[in-house]
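Notebook open, structure loaded. I want to look at the annotated site first and the packing after that.

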Amino acid sequence: ARLALPGIRELQPYQAGKPIEEVERELGIKNIVKLASNENPLGVSQKVRDALAAKITGLARYPDANGFYLKQAIADKFSVKPQQVTLGNGSNDVLELLARTFVTAENEVIYAQHAFVVYPLVTKAIGATGIAVPAKDYGHDLEAMLAAVTDKTRMIFVANPNNPTGTFLSKEALEAFIARVPHHVLIVLDEAYYEYVPESERAPSLAWIEKYPNLVVSRTFSKAYGLAGIRSGYMVSHPAIADLMNRIRQPFNMNELALTASIAALQDEDFIARSVSVNRDGMAQLIAFCEQYKLPFIPSHGNFLTIEVGPQSAEMFQKLLHKGVIVRPVAGYELPNHLRVSIGLPQENDAFCNAMAEILNGQ
Ligand code: PMP
């Protein structure tokens with residue numbers, strides 16, 4: 001252990017949402033509802049299933065190493081050039097690739113308190129210094145993040161919406177910030193939950209790249225597209241940044257099924273619209289419950305709601321588990337009084353609300 005970089009010794013392994021099978025095995029209960037990993041409750045769209053089924057017989061061959069068709073599909077849909085796109089095994093993979101390409105152990109990387117845990121992870125893995133800037137109203141304090149920039153700063157992570165808080169920055173606030181970030185710093189705008197933001201509120205982030213070449217934007221197929229299990233994400237950047245990342249990328253970091261499923265998912269507008277609408281209704285359902293029980297929550301722009309349950313949150317998590325509902329503790333995000341609940345189908349949200357109501361009533 002003494003051989004490890006000091007930053008790595010500080011890290012804890014990534015804590016994923018508890019898998020359904022594990023809870024079934026450990027507690028011997030069935031019909032588990034998992035609202036713990038911000039997954040899409042609609043499952044996999046029929047168009048994706050059909051595309052995947054047609055691909056199985058081709059799996060003996062290596063995938064297209066350059067992801068030609070998926071890059072083209074992303075470029076067509078979002079009006080960018082294929083040379084701006086970097087593909088990865090989930091957007092976590094492209095975030096790590098970016099850090100490995102641009103950050104050295106001498107550098108500093110800025111992110112917000114309560115920000116997604118992969119930012120400190122990819123920073124410390126290369127021995128760089130992570131600067132966690134205290135949050136403002138659970139979200140990014142952009143002024144304080146700017147003030148934290150030094151000559152050593154190489155990257156600033158901004159998640160919009162943020163996970164696990166669901167906080168959101170307006171396009172005006174975001175652009176004013178981006179315009180003031182010095183050119184030696186890359187701004188990593190993580191838009192994993194982009195599709196859940198109403199169109200009128202979305203930032204024209206990909207179009208900004210032309211004006212701000214130090215801006216990179218990451219997105220994922222894990223949420224609104226319903227493909228968390230396949231691992232697929234991408235980054236859009238200036239072509240020169242994508243070119244550098246491509247030089248150190250693992251060959252075949254995107255598998256053939258992921259390429260195929262992502263293309264089909266990208267084009268399945270009906271499914272995305274349904275995902276967004278199920279999320280909107282489910283969010284209203286959870287908010288109504290919180291209001292009824294006077295539970296404070298952080299207003300969320302994502303597919304999850306982070307609810308303040310008080311200092312007994314760990315106990316509450318266990319009680320929910322025993323009632324067959326898996327949610328996500330967020331104490332590791334310096335939110336010891338909160339639990340994060342992903343938005344599910346109406347009956348799954350009901351299961352959470354009923355279990356929670358029983359616990360609050362002392363049962
Ligand atoms: N960014 C944020 C803010 C997230 O919440 C997540 C998923 N938890 C990711 C990135 C990574 O998603 P994936 O690797 O599945 O694309």
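This is a predicted model: local features need pLDDT of at least 70, side-chain atom pairs count only at pLDDT 80 or more; totals for chains, interfaces and linings use all residues.

**The modified lysine**

I started from the record: UniProt, in an unreviewed entry, places the feature "modified residue: N6-(pyridoxal phosphate)lysine" at Lys 223.

Next I checked where the residue sits. Lys 223 falls in the loop between strand S7 (215-220) and strand S8 (233-236).

Is Lys 223 buried or exposed? I get 27 C-beta neighbours inside 10 Å, and the cut-off for buried is 20 or more, so Lys 223 counts as buried.

Asn 38, Asn 40 and Asn 303 are in contact with Lys 223, and so are Ala 192, Tyr 193 and Glu 195.

**Around the ligand**

I looked up which residues surround the ligand and got 13, the closest being Gly 90, Ser 91, Asn 163, Thr 220 and Ser 222. By class, the shell holds 8 polar residues, 4 nonpolar and 1 charged.

The largest has 72 residues, and Leu 98, Met 155, Ile 156, Phe 157, Ile 187 and Val 188 have the most contacts inside it. Helix H11 (residues 256-266) gives the most to this core, namely 8 residues.

Leaving aside neighbours within four places in sequence, Met 155 is in contact with Ala 99, Phe 102, Val 103, Val 109, Val 185, Leu 186 and Val 188.

There's also a second, separate core of 27 residues, with Ile 307, Leu 335, Ala 351 and Ala 355 among them.

How values were computed
Residues are numbered from 1 along each chain as its sequence is written. UniProt positions are given in the numbering used here, feature names are shortened, and annotations may be inferred rather than shown by experiment. Helices (H or I, at least four residues) and strands (E, at least two) are DSSP runs, numbered from the N terminus. A residue is buried if 20 or more other C-beta atoms lie within 10 Å of its own, exposed if 12 or fewer, and partly exposed in between; C-beta atoms are placed from the backbone. Two residues are in contact if their C-beta atoms, placed from the backbone, lie within 7 Å. A residue is near a molecule or strand if its C-beta atom, placed from the backbone, lies within 6 Å of it. Ala, Val, Leu, Ile, Met, Phe, Trp, Tyr, Cys and Pro count as nonpolar, Asp, Glu, Lys and Arg as charged, and the others, Gly among them, as polar. A nonpolar core is a set of buried Ala, Val, Leu, Ile, Met, Phe, Trp, Tyr and Cys residues joined through C-beta atoms within 7 Å.
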